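Hi everyone, thanks for coming. Let me bring the sequence and the structure up on the screen, and then we'll walk through them together.

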Amino acid sequence: MPIWLELALRVLVVVGAFLTLPLIVGQAEHKVMAHMQGRLGPMYAGAFHGWAQLVADGVKFVQKEDITPRAADRQVFRLAPVVALLPYLAVLLVIPLGPHGLVAQPLDVGLFFVLAVVGIGVIAVLMAAWSSANKYSLLGGLRAAAQLLGYELPFVLSAASVAMAAGTLSLSGIVEAWRPWWLLWQLPAMLIFFTAGLAEIRRPPFDMPIADSELVFGYLTEYTGLRFAFFLLAEYVGIVVIAALTTVLFLGGWKGPFDDQLGWLWTLLKVFAVAFVVIWLRVAYPRLREDQLQRLCWLVLVPLALLQLVITAAVKVAL
Amino acid sequence: MELPGKGLVKGLAVTLGTLGRRTGTQQYPDVEPDLPPRSRGVIALIEENCTVCMLCARECPDWCIYIDSHKEEVVVPGAARARQRNVLDRFAIDFSLCMYCGICVEVCPFDALHWSPEFEYAEHDIRDLLHEKDRLEEWVATVPAPPAHDHRGEPAKEQTAAAKRSGGGAA
């Protein structure tokens, strides 16, 4: 295969995953959340149990008027949704789906790249918040900045623990080095990473920046139509990315029975299982207050992550 | 001592349990709702039973019943003088005012008014909610048979009265 064709194919597959996986997660969220609350959820769009609800939503968003407030900083305001969305696309490029190099772009510093790129999210939020010229947006944006900066620390520390255990920064390398007993060894790191990841994508119960009951809709208040849809899409891609990272780093990625042929299936199954937990947590728990949010980060997650690093190092040296 | 995080696990268990249970939602426009007996949907009028006593119109708390009538003389052969009787010209209930208290149905001495469970008579124009006599009569077909008397409840007032009149004690 000529190299350009291969490249085009890889990018196409990743864009395909980028467009379909979040929709599947979003639809699952509609239905799972509804049934967890004793409702039915969407039932009409697409005739069978509302499977086409998100397609219909997309059509609706496209039709809506695209409003930019007069006082807004137009360029920044219009750029923010794209900045929110693109980093996740870049992250999906380096996440390994299966063994034998089944990854769009193998990268030796994959983990480093992923952590750096996910951090761009905070800039998108700040851009949206500041440029909206709305005090609720600004409040939401500042909350988001405080939250994301805080949770970035346990996020990186727990990821570092795995990288230390595996002795590599390559995501494929980490999966290859992974052994089932790491589930126990890296359990605190996994919980910390997952929690911090939730906070990172601002999912309930960590949705203080959006907090629709007090901040209207936080930094999304002034957005309409397609730009708003981009932010929503970013949230769902965020779920996929966090689920995929948790899978790859802590749940052994493609490892499972017959992983030589079915590796990709194992990865997808684990990603969806983690995404289910993300939805589940949203339904089960109320939103954390701002001070509770910060306390959880600095007084619980960061010390625990440091402790995990010590344990990882000790086991590593002992082995 | 309570285990830390017990509440968190409990919350997850509740939502997971609900996920597995069937929802009670009725898909209304597709599936007819299963209404309890004596549902108050709309009031039906049996015109022949109405004597224009005006009790319903007077008892109605929000004055939503409009009755017009005139008197007619009925000449009965052999009687000393002609009798008078009321003839109903107009009977209308304004369902935009009605609060479905059912006092008119209760108070009607001649069973001219009945509850029907039909509720799908929404209108685009609020003025169309004024149901005239003919519309009210159409609802009669939808009035269900009265539910059976509770077999352990006290006997109906009519029964007790009938028993008294015929000389026996309470039935």
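Let's start with a list. In chain A, the buried residues of helix H9 are Ala189, Met190, Ile192, Phe193, Phe194, Thr195, Ala196, Gly197, Leu198, Ala199 and Glu200. Before we go on, please keep in mind that this is a predicted model.

Helix H9 of chain A runs over residues 187-200, and at 1.5 Å a residue its 14 residues should span 20 Å. The C-alpha atoms at its ends are 19 Å apart, which agrees. Just after H9 of chain A, have a look at A:Arg202, which takes a positive phi of about 55°.

Now let's zoom out to the whole of chain A. How many helices and how many strands does chain A have? Twelve helices and zero strands. If you read along the sequence, the pattern is α-α-α-α-α-α-α-α-α-α-α-α.

What about the overall dimensions? The C-alpha trace of chain A spans about 60 × 50 × 45 Å along its principal axes. For 319 residues, a compact globule would have a radius of gyration near 20 Å, and chain A has 20 Å, so the two agree. Of the 319 residues in chain A, 46% are buried. Take the contacts in chain A between residues at least 6 apart in sequence: 77% of them join residues at least 24 apart.

On to the two chains together. The contact takes twelve residues from chain A and nine residues from chain B. On the side of chain B that touches chain A, two residues are nonpolar, seven are polar and none are charged.

One last stop, in chain B. B:Lys10 sits in helix H1, residues 6-20 of chain B. Is B:Lys10 buried or exposed? B:Lys10 is exposed, because there are 10 other C-beta atoms within 10 Å, and a residue with 12 or fewer counts as exposed. Finally, B:Lys10 and B:Glu138 are 128 residues apart along the chain, and their C-alpha atoms are separated by 55 Å.

How values were computed. Residues numbered from 1 in each chain as written. Chains lettered and ligands numbered in written order. Predicted model: local features only at pLDDT ≥ 70, side-chain atom pairs only at ≥ 80, totals over all residues. Helix = DSSP H or I, 4+ residues; strand = E, 2+ residues; numbered from the N terminus. Expected span 1.5 Å × (residues − 1). Buried ≥ 20, exposed ≤ 12 C-beta atoms within 10 Å, placed from the backbone. Rg over C-alpha atoms; globule rule 2.2 N^0.38 Å. Contact = placed C-beta atoms within 7 Å. Nonpolar A, V, L, I, M, F, W, Y, C, P; charged D, E, K, R; others polar.
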